[in-house]
Amino acid sequence: MTAVRISGNLPPNIDCTKAPIAFGRRAVPKLNEELQNPELITRQRALMSLCDLVHDPEIALEAMRLGCLESLKRLLRDVDSTVRMKTTEVFYRLATHNVGRVAFLKSDVILPLSQLFDEPVDVCRKNMHMAIEMMSEFPGGAVGLVEAGLIPRLVFKLTSELEEIQELILDTLHFCLCVDASEALASEAVSVLKEKLSHRSARIRNKAARALMDLSLGVQVCNLKHTLPSVPLEGKNKLCEEEVIPILVTLLGDPSPEVAASAAGALMSATVTTPGKYAALNADALLPLLGLVRSPQTNVCLNAVKAITVLAEAPEGRKELLKHLDLLEDLRGHDSEVTRRAAETAMRVITWKP
Amino acid sequence: MTSILQPQKEATGTYTFSSRPRALQNRNKYRDPVAEQNEEQAQYGNIMYDRRVVRGNTYAQNILPISAQTDPIEIQRMQEARRRAVARKRAKEQLRPRTPEPVEGRKHIDVQTELYLEELSDRIEESDVQCQTDAFLDRPATPLFIPAKTGKDVATQILEGELFDFDIEVNPILEVLTGKTIEQALLEVMEEEELASLRAQQRAFEELRNAELVEVQRLEEQERRHREEKEHRMKQQREVLRLEKESAKKIAARAFAQHYLADLLPSVYSSLQDNGYFYDSVERDVETEFMPWLMTEVEKTLDKRVFGRTMLDMLIREVVKQRLDIFEKMEQTKHASK
C-alpha cells in the first residue's frame with residue numbers, strides 16, 4: 001500500500017480556468033481578495049470559482065456578509081467582457097436566494113445593474129435581465145425596481161431587444177405592473193405591448209397579454225399615491241383608445257392555451273368600463289369566450305367565465321348570453337371552487353332584470 | 001566529606017549512598033577550619049574550573065599514589081632529573097658548530113670578495129615551463145563487470161489480486177466522485193424546482209387575485225352604473241314632477257286671469273269709445289285731411305294779408321322817413337340860414 005505522506009507540492013490545478021478554492025472558512029474571503037486583484041486573469045478565475053460556489057445558500061450568505069457585493073459592484077464596470085458576464089451571472093445566482101434578494105435591496109445593487117442596460121455583449125445583458133427579473137418576483141424587489149424608475153426604461157428596451165431578453169423584460173414588467181401601473185401608462189407601454197401581441201412566439205404573446213391585463217387592472221400597492229379609482233380606469237380607457245380589444249379577441253382563438261387565458265384575462269379587465277364592453281361586443285368576443293369556457297385548464301376557463309360575467313352587464317350581451325346558459329350550468333360542477341363561484345355569479349348576472 | 005544527609009526513603013531507592021553526591025563549594029585557599037565547618041553550603045564552584053577535577057582521558061593517567069605526600073626519594077629523583085635536564089641543555093648549546101676562534105694575532109673581519117655587492121635575498125630564480133597533454137582520447141567503455149555468480153537464485157512474482165483488489169479499493173473513490181457530482185447536480189436541480197414551485201404558487205395566487213380583482217372592479221362598475229342610472233331616473237322623475245307642477249300652476253293662473261278679465265272687455269270697449277278710438281271714417285277723413293288743408297290755406301291767405309300789411313307798413317314808414325328827412329333838412333337849412 002502507498003505510504004501516507006503529505007506531498008510538499010500544491011495539489012494539481014485540474015481546471016486552470018478556475019481559481020483554486022481554499023479550504024473551509026477561508027474559501028470566500030480568499031476569493032473576495034482575489035476579486036479585487038488588479039490582474040485580469042486572477043479576477044476572471046476567482047469569478048468562475050465564485051460562480052460555482054454560490055449555488056449553495058450558506059456560501060451565498062457568507063459571501064454577502066463579507067461584503068462581496070461591493071467588489072462585485074465595482075467589477076460590473078470592468079472593461080473586460082468576460083468579467084462582466086461572470087459578474088452578472090453571480091448576481092443572478094445570488095438573486096435566486098432570498099437572502100440575496102434582501103441584501104440586494106439593502107446594498108442598493110439595482111442601480112449599478114441597471115446601468116448595464118446598454119451593454120454591447122448579449123450574454124451580460126441577458127444575465128442582468130435575469131437577475132432583475134428574479135428581483136422583481138418578490139414584492140419588496142418590485143417596489144425597489146419601481147422606485148428606481150426602471151419601468152420606462154424597460155418599456156423602451158422592449159422594442160429593441162432580442163427575443164429571449166424580451167421575454168425576461170416582459171416577466172419583469174408583469175411583476176412591476178402589479179405594483180404600480182401608472183408609470184408604465186405614462187411611457188406608452190400600451191402601444192408597445194400591442195405590437196407584441198402579434199409576435200410570432202407564443203410565449204411573448206402570452207406575456208404581453210398578461211402585462212396588458214395587469215395594466216388595465218392597475219392595482220397600486222406602493223404608497224406613493226392614494227388615488228385608487230383613477231389608475232384602473234386610466235388603464236382600461238387607454239386600452240380602448242388604442243383599439244387593443246379587437247386584437248385580444250383574435251388572440252382568444254390562439255392555439256396555445258396560455259395565450260388564450262391571458263387574452264381572456266386582459267379582456268375581462270378591460271371590459272369593465274362601458275366603452276370597453278361595447279368595443280368587445282362589437283368585436284364579437286362572446287363566441288370565442290364561450291368556446292374557451294369548455295377548456296380543461298382552470299385559468300383559461302376561469303378567465304373566460306369572468307369575461308362573460310363582465311360582458312353580461314351590458315344588455316346586448318345579456319340577450320346573447322341567455323341562449324347559452326346551459327354551458328355555465330355545466331361549470332357549476334367544476335373541481336375548483338373559484339370556477340364554481342364564478343359560474344354562479346355569471347348566471348346571476350345574466351338572468352338579472354332591471 | 002560527608003554532609004548532612006537528606007532524610008530519604010531508602011526503601012524505594014535502588015541503592016543507597018554511603019556518601020551522597022553533593023555539589024562542592026568554593027573554598028578559600030587559606031581556610032579557616034573552625035569557620036568552615038559552621039558554614040552553610042552557600043557558594044557552589046564551577047566544576048569546570050575546579051582544579052580537583054580530573055581532566056583529559058583517563059586511560060593513561062598518572063594515578064596518584066595512595067598516600068598523597070611525595071616520598072623524599074621521589075623528591076630527590078625529581079631534583080636530579082631537573083639538574084640533568086639543565087646540564088643537557090647547556091651541553092647542546094656548546095656543541096653547536098661555530099667558526100673557530102681566530103689564531104693568535106689575527107682577527108676575523110668581514111671582507112667583500114666580489115666586485116659588486118649582491119643582495120642576498122630569498123628570491124629564488126624561477127622560470128615557467130609549460131606542458132600540455134595530448135588531446136583526450138575517448139576512454140573505451142569499461143567492460144561490463146559481471147561478477148561471478150554466487151549464491152542461490154531466488155525469484156518472486158506478484159500475482160494478480162495479491163497486492164490489492166482493484167474493485168474494492170476503487171469503490172470509495174468512485175463513491176466520493178459520483179456522490180459529489182450528484183450532490184452538486186441535485187442542488188442545482190432542487191434550486192430550479194424550488195423556483196418553479198414558487199412560481200407555480202405565485203401563478204395560482206395571481207389567478208385568484210386577478211379573478212377577485214376583476215370581480216371587484218366589475219361590481220364597482222356595476223354599482224356605479226346602477227347608481228348613476230338611479231340618479232338619472234330620479235332626476236328625470238323630478239323634472240317630470242316639476243313640469244306637472246308648473247302646468248298646474250299655469251292652468252290655475254289662466255283660470256284666474258280669465259275670470260279677472262271677464263268684465264274687462266266691456267269697460268275696455270267703453271273707455272276706448274270714450275277716447276275716441278272708434279270713429280266714422282268719412283268724418284275722420286274730412287277731419288284729418290280737409291281741415292288741415294283748409295287751415296293751411298287760411299294760413300296762407302292770412303300770411304298774404306299780413307305780408308301785404310307789412311309791405312304797406314314799410315312803405316308808409318319809408319315815406320314818413322323820407323318826409324322826416326326832408327323836413328329835417330329843411331329845418332337845418334332853415335336854422336343855417338338864420
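In this predicted model, A:Leu286 counts as buried, at 9% relative accessibility. The residue is found in helix α19 of chain A, which spans residues 286-293. Apart from neighbours within four places in sequence, A:Leu286 is in contact with A:Leu281, A:Leu311, A:Gly317, A:Glu320 and A:Leu321. A:Ile308 lies 22 residues from A:Leu286 in sequence, and the C-alpha atoms of the two are 7.2 Å apart in space.

Chain A as a whole contains 23 helices and 0 strands. It has 354 residues, of which 58% count as buried. When contacts in chain A between residues at least 6 apart in sequence are considered, 71% of them join residues at least 24 apart.

With neighbours within four places in sequence left aside, the contacts of A:Glu34 are A:Ala19, A:Thr42, A:Arg43 and A:Ala46.

Two further helices of chain A were examined for the placement of their buried residues. In helix α3 of chain A, residues 57-65, the buried positions are A:Ile59, A:Ala60, A:Ala63 and A:Met64. Viewed down the axis of α3(A), these residues fall within an arc of 135° and so line one face of the helix. The face turned away from the buried side of α3(A) carries A:Glu58 and A:Arg65, which are exposed. The buried residues of α3(A) are covered by elements of chain A that include α1 (27-35), α2 (40-53), α4 (68-75), α5 (81-96) and α6 (98-106). A:Gly67, which follows α3(A), has a positive phi, near 85°.

Helix α6 of chain A has A:Gly100, A:Arg101, A:Ala103 and A:Phe104 as its buried residues. Around the axis they cover an arc of only 165°, which places them on the same side of α6(A). Among the elements covering the buried residues of α6(A) are α3, α4, α5 and α8 (122-136) of chain A. The helix α6(A) is followed by A:Asp108, with a positive phi near 55°.

Over all chains, the structure holds 29 salt bridges. One of these pairs A:Glu70 with A:Lys73, whose closest N and O atoms are 3.8 Å apart. The two residues are 3 residues apart in helix α4 of chain A and are therefore separated by about one helical turn. A:Glu70 is partly exposed, with a relative accessible area of 44%, whereas A:Lys73 counts as buried at 15% relative accessibility. Elsewhere in chain A, a network of salt bridges links A:Lys86, A:Glu89 and A:Arg93.

Within chain B, a salt bridge joins B:Arg84 to B:Glu80, with 3.1 Å between the closest N and O atoms. Both residues belong to helix α2 of chain B (residues 72-95), and because they are 4 residues apart there, about one helical turn separates them. B:Glu80 counts as partly exposed, at 38% relative accessibility.

The contact between the two chains takes 36 residues from chain A and 25 residues from chain B. The area buried between chain B and chain A is about 2700 Å², and carbon and sulfur atoms give 54% of it. B:Val214, B:Gln217 and B:Arg218 supply 20% of the area that chain B buries against chain A, more than any other three residues.

Between chain B and chain A, 4 salt bridges are counted. The residues on the side of chain B that touches chain A comprise 13 charged, 6 polar and 6 nonpolar. Across the interface, 6 residue pairs are in polar contact, with both residues at pLDDT 80 or more. In one of the salt bridges, B:Glu212 is paired with A:Arg341, the closest N and O atoms being 3.7 Å apart.

Another salt bridge is formed by B:Glu215 and A:Lys306, with the closest N and O atoms 2.8 Å apart. This pair crosses between chains, from helix α3 of chain B (residues 166-262), which holds B:Glu215, to helix α20 of chain A (residues 298-311), which holds A:Lys306. Both partners are classed as buried: B:Glu215 has 11% relative accessibility, and A:Lys306 has 5%.

Technical notes: Residues are numbered from 1 along each chain as its sequence is written. Chains are lettered from A and ligands numbered from 1 in the order in which they are written. This is a predicted model: local features need pLDDT of at least 70, side-chain atom pairs count only at pLDDT 80 or more; totals for chains, interfaces and linings use all residues. Side-chain values use heavy atoms; hydrogens and water are left out. Contact means heavy atoms within 4.5 Å. Buried area is the accessible area (1.4 Å probe) that two parts lose on being put together, summed over both. A salt bridge is a side-chain nitrogen of Lys or Arg within 4 Å of a carboxyl oxygen of Asp or Glu. A polar contact is a pair of N or O atoms within 3.5 Å; within protein, one must be able to donate a hydrogen and the other to accept it, and residues adjacent in sequence count only if both atoms are side-chain atoms. Ala, Val, Leu, Ile, Met, Phe, Trp, Tyr, Cys and Pro count as nonpolar, Asp, Glu, Lys and Arg as charged, and the others, Gly among them, as polar. Buried means under 20% relative accessible area, exposed over 50%, partly exposed in between (1.4 Å probe, protein chains only). The arc is that of the directions from the helix axis to the C-beta atoms.
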